[in-house]
Protein chains: 2
Amino acid sequence: MTIKLYLAGPEVFLPDARGALDAKADMARAYGFEPIMPGDIAIEPAPTRREFGLRISEVDERMMNSADGIIANLTPFRGISADVGTAFELGYMCAQGKIVAAYTNIADGHFERSMRFYGGDAVKGDDGRWRGPDGIALEDVDMIDNLMLQGGVLRRGGHVAVHAAQPDRLYLDLTAFEECLTFIAARGA
Amino acid sequence: MTIKLYLAGPEVFLPDARGALDAKADMARAYGFEPIMPGDIAIEPAPTRREFGLRISEVDERMMNSADGIIANLTPFRGISADVGTAFELGYMCAQGKIVAAYTNIADGHFERSMRFYGGDAVKGDDGRWRGPDGIALEDVDMIDNLMLQGGVLRRGGHVAVHAAQPDRLYLDLTAFEECLTFIAARGA
């Protein structure tokens with residue numbers, strides 16, 4: 001039986017969303033998987049913007065429910081962390097015990113990016129935790145993003161791929177995505 | 001039977017994390033709930049930073065599994081969106097069919113904050129979507145953050161509370177948190 005993979009990530013927001021999603025879908029099929037993605041189904045118009053948003057939420061959750069696994073693109077989006085919609089979806093699939101994998105196209109870890117957020121102005125306190133000038137702690141656990149995300153994947157035997165993409169290919173480079181496909185294909189159903 | 005609520009949010013990173021968490025726990029108890037929170041259990045040291053992170057992930061997931069519901073603090077954290085760890089946890093609890101509620105201490109919606117991220121330099125294209133100068137689309141669905149988060153809560157009959165806190169009380173103001181407690185208490189188990 002063909003494994004269905006939900007391909008989560010911020011590609012839906014790109015100028016050529018369709019092209020970016022199709023490239024991922026084609027590659028997933030080449031590895032023997034059935035890709036399922038937000039954006040695959042046209043959402044019917046709704047009376048209000050919020051109701052339209054609720055319909056997308058419903059369609060995407062239904063797709064996740066029908067999928068056997070997820071590959072989440074956790075490349076930082078408009079800031080130092082992953083797209084929160086993708087983070088929600090990764091948590092959703094972890095809770096269902098599905099196959100989980102994730103990747104990022106930025107090689108720097110979460111701690112390094114958090115440091116940069118503070119312009120390097122963070123210090124290690126007596127409690128052993130690094131804190132910015134606002135007193136807010138930086139996670140320093142050698143992971144690509146908040147520990148719930150990478151922890152949720154690794155603790156389920158999933159794979160986290162890291163690749164340093166060229167800046168102009170930040171959301172289009174599929175090297176790390178392909179590494180996730182290879183991992184899941186080797187692992188079997 | 002007492003309803004157990006997992007209290008998710010970026011409070012764990014605050015200078016006085018313990019005080020902030022205790023204040024939320026006390027208020028939850030006053031409403032008749034049993035609060036469960038990250039930070040409640042001391043995590044044993046581990047050989048590496050990553051293994052330490054994995055232990056926290058495990059403890060937090062176990063707490064969620066034992067909880068009947070979640071109140072997620074989605075107040076923007078180091079950027080224009082919620083803490084991704086909290087987003088993961090909200091998705092995790094939505095997938096389990098638990099009681100869900102969320103709040104933010106910033107009154108501006110996700111669209112307004114995204115606009116500000118681009119300094120107002122976004123335009124509506126022929127496809128009806130707003131895009132920044134980088135071509136990346138802005139969600140415009142009248143929600144407090146990415147539609148998977150608010151959609152996941154509202155579609156399950158949950159509540160989303162919005163309150164404009166004073167900047168120096170951004171992560172400490174409990175007005176919206178209390179609104180969530182009131183909602184869940186009125187709704188019953």
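A residue is counted as buried if 20 or more other C-beta atoms lie within 10 Å of its own, as exposed if 12 or fewer do, and as partly exposed in between, the C-beta atoms being placed from the backbone. The model described here is predicted, so that local features need pLDDT of at least 70 and side-chain atom pairs count only at pLDDT 80 or more, whereas totals for chains, interfaces and linings use all residues. Residues are numbered from 1 along each chain as its sequence is written, while chains are lettered from A and ligands numbered from 1 in the order in which they are written.

By the burial criterion, A:Ala161 is buried, because 21 other C-beta atoms lie within 10 Å. This residue is placed in strand β8 of chain A, where helices (H or I, at least four residues) and strands (E, at least two) are DSSP runs numbered from the N terminus. Apart from neighbours within four places in sequence, A:Ala161 is in contact with A:Tyr103, A:Ala176, A:Glu179 and A:Cys180, contact being defined by C-beta atoms, placed from the backbone, that lie within 7 Å. The C-alpha atoms of A:Ala161 and A:Ala122, which are 39 residues apart along the chain, are separated by 28 Å.

In chain A, five strands make up an open sheet with parallel pairing, in the order β2-β1-β3-β4-β8, two strands being paired if DSSP finds at least two bridges between them. At the edges of this sheet are β2 (34-36) and β8 (159-162) of chain A, each of which pairs on one side only. Within the sheet, β3 (residues 69-73) and β4 (residues 99-104) of chain A are joined in the parallel sense over five bridges, and A:Asn73 has A:Tyr103 in β4(A) as its bridge partner. Helix α3 (residues 84-95) of chain A lies across β1 (4-8), β3 and β4 of chain A and runs at about 155 degrees to β3(A); such angles run from 0 to 180 degrees between N-to-C directions, with axes fitted as lines to C-alpha atoms, for helices over the stretch in contact.

Chain A is divided into domain 1 (4-108 + 144-187) and domain 2 (110-143), the bounds coming from an automatic or database domain assignment. The C-alpha centres of domain 1 and domain 2 of chain A lie 27 Å apart, and eight residues of domain 1 of chain A are in contact with eight residues of domain 2 of chain A.

In chain B, an open sheet of five strands has the order β2-β1-β3-β4-β8, with parallel pairing.

How values were computed. Two residues are in contact if their C-beta atoms, placed from the backbone, lie within 7 Å.
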